[in-house]
Amino acid sequence: MLHTPERVDSEAFWPPADELLEAADDIRASLGSNWPAPARKLRFCLSAPTRPSPTDVRVLIDASAHPDERRAWLEAGAAIIEAAPARVELRTASEVYAWSGERSDDWLAALAAFCACDFALHDALTLALAWRPDAHATGPITDPTADPTADPRANQPADHAAARAIAPGWPVDLATYPAIEGLPAPGRPFPTCPDALGLYPVVPTAEWIERLLERGVRTIQLRTKSTDGRWLDAEIARAVRAARACDARLFINDHWQRAIDAGAYGVHLGQEDLQTADLDAIAAAGLRLGLSTHGPYEMLVALRFRPSYIAMGAVFPTTTKQMPTAPQGLVRLAHYAGLLSGHVPLVAIGGIDLSVIDAVLATGVGSAAVVRAVTEAPDLTAAVDALQAHFGVSD
Ligand SMILES: Cc1ncc(COP(=O)(O)OP(=O)(O)O)c(N)n1
Ligand SMILES: Cc1ncsc1CCOP(=O)(O)O
């Protein structure tokens with residue numbers, strides 16, 4: 001079992017800072033014990049270390065550093081956080097992130113606490129800037145016997161309600177989350193779609209779509225990596241025809257222009273597609289937009305575009321797609337579901353099949369997207385019927 005100790009590493013701050021460590025420990029304890037143990041222990045350096053290491057994060061508060069010094073830290077693999085009034089920037093050798101907005105005086109303690117729960121540094125910083133001493137969830141801390149990283153195939157929690165509980169220290173109010181800099185001004189909101197999108201198969205051809213519509217599926221995605229334009233046009237047109245005939249919600253992955261031309265219900269895009277897709281054209285055509293995310297930072301990015309739903313994953317390990325981040329697990333998923341509840345529907349994806357569907361739905365998500373659970377099912381009808389039954393859909 002990989003339970004995180006409810007404490008921050010005693011060497012998390014350099015030079016040692018007892019009060020800061022105590023505040024970080026308090027915040028960490030308020031997050032409960034169900035998080036993965038941190039993959040690496042970061043050291044937050046309030047003064048320059050003699051020799052920076054890749055696990056160092058140099059923290060400059062209302063201060064600047066000589067460019068040569070910065071270069072040396074980044075070359076050593078260290079990260080730099082610069083905190084100015086109402087603005088924080090994180091710089092690594094390859095990335096720059098910037099947030100603006102108010103923050104708590106204890107944001108640095110909160111940062112150490114979220115890093116101790118194994119959030120990536122930019123995700124932990126997003127959460128730390130949102131953290132407030134008095135704006136906490138009221139629910140019980142999640143079940144201390146549940147293993148956050150465990151696939152419930154191996155460790156089925158007796159009570160799925162445990163997976164839904166939100167730790168008291170988790171920042172639940174989107175209004176306290178910082179603004180991410182460098183994004184376009186919010187455009188018009190995309191048309192809404194139901195909170196509970198239900199079972200959401202993601203499949204490679206129109207023929208698959210037809211087969212699944214026949215089995216009663218009503219939210220579905222055409223996802224193909226083909227670059228053959230004529231084939232794509234024909235498949236998308238056929239899929240749209242089939243979905244319309246059943247009044248089903250058909251999302252087209254990536255091919256937003258073709259989806260507009262064919263009159264699909266919606267488009268699904270990844271974070272990198274946000275740089276190139278014409279979101280105004282998608283919205284103007286009345287299509288819904290689903291966006292992929294892999295953590296709290298990307299969730300905030302996605303929210304800026306006012307999508308119809310946000311997808312989060314991979315929840316569990318998957319062989320269908322190479323993922324940029326480690327599986328999120330159920331505990332994070334439940335916290336994301338709590339945060340987005342009432343704002344935008346959340347779709348879980350990655351490694352989901354019949355054996356985990358109950359646990360996934362217990363986190364509060366309204367939909368589960370699946371690839372292999374249908375495309376590799378030995379008996380498609382049985383697999384779809386069994387999955388659908390968990391969404392209250394029966395034959
Ligand atoms: C419902 C849903 N969630 C996530 C994805 C993944 O989309 P993306 O990040 O764009 O990656 P590719 O699917 O293009 O490989 C999805 N397609 N659907
Ligand atoms: C496309 C995608 N995006 C995030 S996980 C994933 C693959 C999900 O596939 P499976 O359901 O087979 O694990």
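Trainee: What is the strand order in the open sheet of seven strands?

Mentor: In this predicted model, the open sheet runs E1-E2-E3-E4-E5-E6-E7, and its pairing is mixed.

Trainee: What makes E1 and E7 the edges?

Mentor: Count the partners. Strand E1 (13-14) and strand E7 (179-180) each have a single partner strand, so one side of each has no neighbour in the sheet.

Trainee: How do you know that E4 and E5 are paired?

Mentor: Pairing asks for at least two bridges between the strands. Strand E4 (residues 79-84) and strand E5 (residues 87-91) are joined by five bridges, so they count as a pair. The two strands run antiparallel, and Ile81 stands opposite Leu90 in E5.

Trainee: Let's turn to the other sheet. Which strands form the closed barrel, and how do they pair?

Mentor: The closed barrel has eight strands in the order E8-E9-E10-E11-E12-E13-E14-E15, with parallel pairing.

Trainee: What makes E14 and E15 a pair?

Mentor: The threshold is at least two bridges. E14 and strand E15 (residues 367-370) share three bridges in the parallel sense, so they qualify. Ile349 stands opposite Ala369 in E15. Helix H11 (residues 329-340) packs on this sheet, where H11 touches E13 and E14, and the direction of H11 makes about 165° with that of E14.

Trainee: What makes a residue part of the shell around ligand 1, and which residues are the closest?

Mentor: The C-beta atom, placed from the backbone, must lie within 6 Å of the ligand. For ligand 1, 16 residues surround it, and the closest are Gly270, Ser292, Ala311, Ile349 and Ala369. Strands E11 (266-269), E12 (288-293), E13 (309-313) and E14 (346-349) each give two or more residues to this shell. The shell divides into six nonpolar, seven polar and three charged residues.

Trainee: How many residues surround ligand 2?

Mentor: Ligand 2 has 13 residues around it, the closest being Thr318, Thr320, Gly350, Val371 and Arg372. By class, there are six nonpolar, five polar and two charged residues in that shell.

Trainee: How do you know where domain 1 and domain 2 lie?

Mentor: The bounds come from an automatic or database domain assignment, which gives domain 1 as 13-138 and domain 2 as 198-389. Their centres, taken over C-alpha atoms, are 34 Å apart. The contact takes nine residues from domain 1 and seven residues from domain 2. On the domain 1 side, they divide into five nonpolar, three polar and one charged.

Key: Residues are numbered from 1 along each chain as its sequence is written. Chains are lettered from A and ligands numbered from 1 in the order in which they are written. This is a predicted model: local features need pLDDT of at least 70, side-chain atom pairs count only at pLDDT 80 or more; totals for chains, interfaces and linings use all residues. Helices (H or I, at least four residues) and strands (E, at least two) are DSSP runs, numbered from the N terminus. Ala, Val, Leu, Ile, Met, Phe, Trp, Tyr, Cys and Pro count as nonpolar, Asp, Glu, Lys and Arg as charged, and the others, Gly among them, as polar. Two residues are in contact if their C-beta atoms, placed from the backbone, lie within 7 Å. Axes are lines fitted to C-alpha atoms, for helices over the stretch in contact, and angles run from 0 to 180 degrees between N-to-C directions.
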